[in-house]
Structures are given as structure tokens and as C-alpha cells.
Amino acid sequence: MPANFAIITFRNTGPIKTWSAMRAANVHNARTKPLAHAIAGAPPPEHMIGTGDLVADVQRHLRGVKIDPDRLRKNGVIAYEAILSASAEFFDEGTAQERAGRLTAWKAAQREGALKRYGA
């Protein structure tokens with residue numbers, strides 16, 4: 001088996017600074033509108049932390065740490081968007097059962113690593 005790599009990519013347009021940008025990121029990530037660059041028939045994206053409603057999740061978190069989401073500093077950073085992936089071969093090699101087991105283990109490791117590095 002060739003070397004496989006875990007990949008974390010951050011949004012190349014910089015941090016998310018407005019709730020409307022957060023809503024747009026949610027629409028894009030949840031694939032609620034067709035995307036020309038999305039692979040047809042690919043499994044839907046999964047949110048490994050939160051409910052999948054980014055605005056509600058972030059606002060709930062902010063309130064939990066006693067920050068009013070409606071009173072954030074103008075042009076302040078609300079969030080950074082990260083996408084977790086791996087080498088294509090990682091997802092393609094082996095039997096269906098081997099791929100499913102590897103994917104389950106990979107998701108658990110990525111979630112644990114993200115929580116350890118960035119916090120809940």
C-alpha cells in the first residue's frame with residue numbers, strides 16, 4: 001500500500017467574519033444547492049462536530065462561553081473553516097468492508113485530533 005496522508009485545508013479566502021458568510025459556507029458545505037465542482041454521486045459531506053447548522057452551532061457555542069453573537073466586533077473573526085480529507089487511494093483501496101472500517105477509524109481519529117488541537 002502506498003503512503004497515505006491525512007489532509008487539513010483551511011478556507012483560502014480567509015476567516016469567516018460575517019453571519020451571511022457563515023450561512024453561505026453552510027449552503028456550500030451541506031450541498032443544498034448544486035455545485036459545478038462537486039463529484040456527482042459522491043457521498044454527502046458529514047459534519048463530525050455540531051448539528052450541521054453552522055450558524056446555530058457557532059452562536060450556541062458563543063453563548064455558552066458568555067459571548068453575545070449579536071454584539072461581536074465589526075469585522076472580527078467568527079470562525080475558520082477547515083476541511084478534513086485524505087489521499088484518494090486511502091478511500092479507494094480494499095474491499096467495501098475494509099474501506100468502511102478504515103473510514104470509521106479515520107473519522108474518529110480526525111475528530112479526536114481536531115478536538116485536541118482546536119477544542120470543542
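This is a predicted model: local features need pLDDT of at least 70, side-chain atom pairs count only at pLDDT 80 or more; totals for chains, interfaces and linings use all residues.
Which element supplies the largest share of the lining of the largest pocket?

**View 1. Lining of the largest pocket.** Helix 4 gives the largest share of the lining, with 6 residues. Strand 1 (6-10), helix 1, helix 2, strand 2 (82-86) and helix 4 (96-118) each contribute at least two residues to the lining of this pocket. The pocket has a volume of about 2,100 Å³, and of the 43 residues that line it, Glu-46, His-47, Ala-82, Ile-83 and Leu-84 are the closest to its centre. Sorted by class, the lining has 29 nonpolar, 9 polar and 5 charged residues.

**View 2. The largest nonpolar core.** This core is made up of 10 residues, namely Ile-16, Trp-19, Met-22, Ala-25, Leu-54, Val-55, Val-58, Leu-62, Ile-78 and Ala-79. At least two residues of the core come from each of helix 1 and helix 2, and the largest share, 4 residues, belongs to helix 2. In soluble globular proteins, nonpolar side chains tend to be buried together.

**View 3. Surroundings of Ile-78.** When neighbours within four places in sequence are left aside, Ile-78 is in contact with Ile-16, Lys-17, Thr-18, Trp-19, Met-22, Val-58 and Leu-72. Among these partners, Ile-16, Trp-19, Met-22 and Val-58 are, like Ile-78, members of the largest nonpolar core.

**View 4. Helix 2 and its cover.** Within helix 2 (residues 54-64), the buried residues are Leu-54, Val-55, Asp-57, Val-58, Gln-59 and Leu-62, and what covers them includes helix 1 (19-30). Helix 2 is followed by Lys-66, for which phi is positive, near 65°.

Definitions and conventions:
Residues are numbered from 1 along each chain as its sequence is written. Side-chain values use heavy atoms; hydrogens and water are left out. Buried means under 20% relative accessible area, exposed over 50%, partly exposed in between (1.4 Å probe, protein chains only). Contact means heavy atoms within 4.5 Å. A nonpolar core is a set of buried Ala, Val, Leu, Ile, Met, Phe, Trp, Tyr and Cys residues joined through side-chain atoms within 4.5 Å. On a 1 Å grid over the protein atoms alone, a cavity is a set of points where a 1.4 Å probe fits but cannot get out, and a pocket is an open set with protein on both sides within 12 Å along at least five of seven lines; lining residues have an atom within 4 Å of a point. Grid points are joined across faces, edges and corners, and a volume is the space filled by probe spheres set on the points. Ala, Val, Leu, Ile, Met, Phe, Trp, Tyr, Cys and Pro count as nonpolar, Asp, Glu, Lys and Arg as charged, and the others, Gly among them, as polar.
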